[in-house]
Amino acid sequence: MPYNNVVVLTGAGISAESGIKTFRDNNGLWENHAVEDVATPEAFRRNPDLVYDFYNQRRRQLLSPDIKANEAHVALAEFERRFTGDFLLVTQNIDDLHERAGSQNVLHMHGELLQSRCCHSQRIVNTLTDVTQSSRCNCCNPAQALRPNIVWFGEMPMFMDEIEKALSKADLFVAIGTSGQVYPAAGFVAQANYYGAHSVEVNLVASDVHSQFKEHYQGNATEAVPAFFNALLKDS
Ligand code: APR
C-alpha cells in the first residue's frame with residue numbers, strides 16, 4: 001500500500017443508511033427544526049426546554065434497538081485494525097456508530113450525543129438518559145446545570161490542533177458522506193492537498209468542495225466505503 005498516514009473525515013451521510021437523518025437532505029430541517037432554533041447557544045438561553053428535548057429525542061432514537069452501525073462504519077473499523085500506518089478518524093457526527101463498529105482512534109469534532117457537560121466546570125459525563133433543566137452535575141457544590149456536549153453553531157469545534165497536525169502529516173485524506181458546507185471541516189481537503197496528500201471524496205452526490213478532491217467515488221457509503229478500503233488493504 002502506498003500510504004502511511006491516513007486521515008478520514010465522516011459526515012452525516014455515513015450514518016444515513018443506519019436510519020439517522022442527515023442535516024441537509026431533508027430541506028434543511030433537522031428533525032423538523034430550523035437549526036438556529038435548537039443548535040446555537042442563543043437557542044439554549046432563549047428556550048432551554050426545546051433544546052434539551054431536541055437532543056433527548058435524538059439520543060432516544062440513537063439508543064433504540066433498530067439503530068445499528070452499518071457496513072461503512074464496519075469497513076472503516078476493519079481498515080483501522082489491519083492498517084499498519086497512522087490512522088485517524090475525524091467525525092462531524094455526534095452518534096456513536098463508529099465506536100459501535102469498533103473504531104478506536106475517533107475524534108468527534110462536533111461533540112457527542114451520549115455526553116453532557118457541566119455548565120460551570122465544563123466536565124464531561126456520559127449520558128444515556130434524558131437531560132432537563134433540573135438535571136444537575138456531580139462535580140460542583142452546589143451542583144450546576146448540564147448542557148449537551150455538542151458544538152453548536154458559533155462555537156469552536158473540538159480537537160482542532162490534533163486534526164490540523166494529522167492533516168499536515170497525512171498522505172491520504174478521505175471524506176465520506178459530508179456536504180462540504182460547514183467549516184472548518186469543509187476546509188480539511190484544502191489543507192490535505194496543501195501538504196501533498198492524495199484526497200478522495202466518497203459521497204452519494206458531489207459535495208460543495210467536490211472539485212478540490214483528486215479522486216471521487218459516487219455511491220451509497222455502505223457500498224463505496226467497503227469497496228474503497230478493502231481495495232486499499234489488498235494493495236498492502
Ligand atoms: N451514502 C453516502 N453519502 C450520503 C448518503 C449515503 N447513503 N446519504 C447522504 N449522503 C451525503 C449527502 O450527499 C451529503 O453530502 O451525506 C451528506 C450529508 O450532508 P449534511 O446533511 O450537510 O451533513 P454533514 O456534511 O455531516 O453536515 C456537517 O453541519 O449541521 C451541521 O453540525 C452539523 O455535523 C454537521 C455539519
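Visitor: How many nonpolar, polar and charged residues are in the lining of the second largest pocket?
Guide: This is a predicted model, where local features need pLDDT of at least 70 and side-chain atom pairs count only at pLDDT 80 or more, while totals for chains, interfaces and linings use all residues. Residues are numbered from 1 along each chain as its sequence is written, and side-chain values use heavy atoms, with hydrogens and water left out. Ala, Val, Leu, Ile, Met, Phe, Trp, Tyr, Cys and Pro count as nonpolar, Asp, Glu, Lys and Arg as charged, and the others, Gly among them, as polar. By that scheme the lining has six nonpolar, two polar and four charged residues.

Visitor: Which element gives the most to the lining of the second largest pocket?
Guide: A pocket is an open set of points on a 1 Å grid over the protein atoms alone, with protein on both sides within 12 Å along at least five of seven lines; lining residues have an atom within 4 Å of a point. Here the lining includes Asn5, Asp86, Glu162 and Lys165. Strand S1 (5-10), strand S2 (86-91) and helix H7 (160-169) each give two or more residues; helices (H or I, at least four residues) and strands (E, at least two) are DSSP runs, numbered from the N terminus. With four residues, the top contributor is H7.

Visitor: What is the volume of the second largest pocket?
Guide: A volume is the space filled by probe spheres set on the grid points, which are joined across faces, edges and corners. For this pocket it comes to about 190 Å³.

Visitor: Which pocket does the ligand take?
Guide: A molecule sits in a pocket if more than half of its atoms lie within 2 Å of its grid points. About 780 Å³ of space lies in the largest pocket, and 42 residues line it, with Ala12, Phe23, Arg24, Thr178 and Ser179 nearest its centre. Helix H1 (13-16) and strand S8 (198-203) each supply at least two lining residues. The space taken by the ligand is the largest pocket.

Visitor: How many residues surround the ligand?
Guide: A residue is near if one of its heavy atoms lies within 4 Å. The closest are Phe23, Arg24, Thr178, Ser179 and Asn203. By class, the shell has eight nonpolar, 11 polar and three charged residues. The shell's total is 22.

Visitor: Which side chain has an N or O atom 2.9 Å from an oxygen atom of the ligand?
Guide: A polar contact here is a pair of N or O atoms within 3.5 Å. Backbone atoms take part: Gly177 has a polar one 3.2 Å from a ligand oxygen, and Leu204 has one 3.4 Å from a ligand nitrogen. The side chain at 2.9 Å belongs to His110.

Visitor: How much of the ligand's area does the protein bury?
Guide: Accessible areas come from the Shrake-Rupley method with a 1.4 Å probe. Taken alone, the ligand exposes 730 Å². The buried share is 94%.

Visitor: Which helix gives the most to the lining of the largest cavity?
Guide: A cavity is a set of points where a 1.4 Å probe fits but cannot get out. The structure holds two of 30 Å³ or more, and the largest has about 110 Å³ of space. Its 13 lining residues include Ile20, Arg58, Asn93, Ile94 and Asp95, nearest its centre. Three come from residues 48-62, helix H4.

Conventions:
A polar contact is a pair of N or O atoms within 3.5 Å; within protein, one must be able to donate a hydrogen and the other to accept it, and residues adjacent in sequence count only if both atoms are side-chain atoms.
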